[in-house]
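Subject: Model handover

Hello,

Here is the model we spoke about, with my notes below it. Please read them with the structure open.

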Amino acid sequence: MKAQLRDTVIDTVSSLCPECGKPAASEIFDRDGKVYQRSQCSCHESTEALIFSDTALYRKLDDWNKLIFPDAQPSAVLPSEACCEAGTGSDNEPCLAVIDITNRCNFRCPVCFAEANGAGNHYVLDTAVVTRMLQSLLDRPVPCRHIQFSGGEPTLHPEFPKILRIARDLGFTHIQVATNGSRFVNPDYARLCEDSGLHTLYLQFDGVDDEVYLKMRGQRLLDKKIAAVNSIEKTNMRLVLVPTIISGVNVDQLGPIFQFALEHSSHVTGISVQPAAHVGRIEVANGSTEPFNLATMAREFGQQTGLTRFPDDWFPLNSISLISRALDRVRSEASISPSSDAHCSIGTFFYIDDHNKPFCLSSFFDLDRFFRSMAGVTPYADQGFIERKISRIRQFGQLSQCLDRRKAPPGLTFQRLLGSMDAWEDKTEGRSAGWTRRGFNGIWVAGMHFMDSRSYNLRRLRRCIIQYVATDGQLIPFCSYNAGARLRGAEELARIENSALDGCAHDDHAPVASEQSMQAD
């Protein structure tokens, strides 16, 4: 495909050919205020795909990358077959590690990036294998203590509560499950998981309209989603609503989903929007519809809720890494910083007052100035006692000026804002007694756009912070596992051959728990 006269090249990145999967370069270019990616494979005709529907926001995120990665190479280097296995590895330690404990699922969703279903060969990881995988995370130079159990539907693992207890006893500080919520309809099961150590549910939640679920999940599910949320509200666990958004299907649900989250804000801490990637059983758009992307998300959310400005109130996830780095300098220790590529994820945050009214944080707090000021926070190690006190007062005063007290909601102080960072760093803090007296109730809204073969970008991949754990302990970036190099198939085949359920592993007619039995547990 030939470049058009109105195309302006923004960047050139290392990639993989969408057709053959071999190393290739790709151009990132602007056309009429939108950003596209065009592959340059020597063996196949070039293909192009829209990756960002607003060039100005894309360039703003580029500026954040320059701040977070000041030593990054400005130009692409064509990867070789021997380079990170032709684009399957990350240079980052994971902020969140994912373990698929089974590929069994009780749903047959028309939309599924993992292509999980109730038919064919299945595996269920033995708990001893899961334990070794968990321990491998703790044995890393910088231990990863945030874990997500996924699948398939992970609650179909017959020893899921036991696996939760193992993770808890090993010292993981944040334990979550990516789930369709079917088993959590039962309050007793929800309490069992809480008692076993589960902290957070990443709950599949595509909208508040059953027509959406019919199209995306093949059945009406809204009543069951609400029942699962009601069960969680009887516990001290937290919820993140996870909508997969597809153009022409449920873009209009962003506002209603936020309203639902607001109505349940005592337990819903966030909304993790996932623009559909062309992976698994997902078709991102037909020829007449523009693929949904992060820029569309930010614009649509503001239009549907009236609560955010585009693009001013949206920041990349990697901006938070400036806080992590500041804390590390002060404490003289290393932690895992969320230094993903800025184009992978953007979000915003809402303070929720006592009357359940939302206030966008950046409407009364200068987040840009705060993040950049954190980059200048200095350690106290080489100072005397008086110097440390003066330095602490000076830095605290500079940071506190980011809060506009005239616009801030009543009762919200800078100290309470800082206190809430404890919950961000250690998730157990956010569930402790009397937390809201120290911090505050809030909801974050973010989107994470996973790559597919047409948007594969090895620079983004090398900065990946969400990584799967293979059975041998190897870490695989999310997008390598599911798109591009697509290692899920090989890993699942190895697991099937060593499944804990020998009687079911190769049986196409193996029993799979039905939706009805999940409710009856």
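I start with the second largest cavity: its lining divides into two nonpolar, three polar and two charged residues. The classes are as follows: Ala, Val, Leu, Ile, Met, Phe, Trp, Tyr, Cys and Pro are nonpolar, Asp, Glu, Lys and Arg are charged, and the others, Gly among them, are polar. The lining residues are Phe107, Asn180, Gly181, Ser182, Leu221, Lys224 and Lys225. The space inside is about 40 Å³.

Some ground rules. This is a predicted model, in which local features need pLDDT of at least 70 and side-chain atom pairs count only at pLDDT 80 or more, while totals for chains, interfaces and linings use all residues. Residues are numbered from 1 along each chain as its sequence is written, and side-chain values use heavy atoms, with hydrogens and water left out.

Cavities

The structure holds three cavities of 30 Å³ or more. A cavity here is a set of points, on a 1 Å grid over the protein atoms alone, where a 1.4 Å probe fits but cannot get out; lining residues have an atom within 4 Å of a point. Points are joined across faces, edges and corners, and the volume is the space filled by probe spheres set on them.

The largest cavity contains about 140 Å³ of space. It is lined by 13 residues, and Cys344, Met448, Phe450, Cys464 and Cys479 are the closest to its centre. By class, that lining has ten nonpolar, two polar and one charged residues. Two helices, α15 (458–462) and α16 (478–482), each supply at least two of the lining residues. Helices (H or I, at least four residues) and strands (E, at least two) are DSSP runs, numbered from the N terminus.

Cysteines

Buried means under 20% relative accessible area, exposed over 50%, and partly exposed in between (1.4 Å probe, protein chains only).

Cores

The largest nonpolar core has 105 residues. Phe149, Phe184 and Phe365 have the most contacts inside it. Another core, of 17 residues, lies apart from it and includes Cys95, Phe450, Leu461 and Phe478. A nonpolar core is a set of buried Ala, Val, Leu, Ile, Met, Phe, Trp, Tyr and Cys residues joined through side-chain atoms within 4.5 Å.

Backbone

Please look at two cis peptide bonds. One runs from Gly151 to Gly152, with omega near 25°. Gly152 sits in the loop between β6 (146–150) and α4 (160–170). The other joins Phe310 and Pro311, with omega about 0°. Pro311 is in the loop between α9 (294–305) and β12 (315–316).

Next, positive phi outside glycine. Asp32 has a phi of about 55°. Asp32 lies in the loop between β2 (23–31) and β3 (34–40), and is exposed at 56% relative accessibility. For Asn356, phi is near 65°. Asn356 belongs to the loop between β13 (345–352) and β14 (358–360), and is partly exposed at 29%.

Best wishes

Definitions and conventions:
On a 1 Å grid over the protein atoms alone, a cavity is a set of points where a 1.4 Å probe fits but cannot get out, and a pocket is an open set with protein on both sides within 12 Å along at least five of seven lines; lining residues have an atom within 4 Å of a point.
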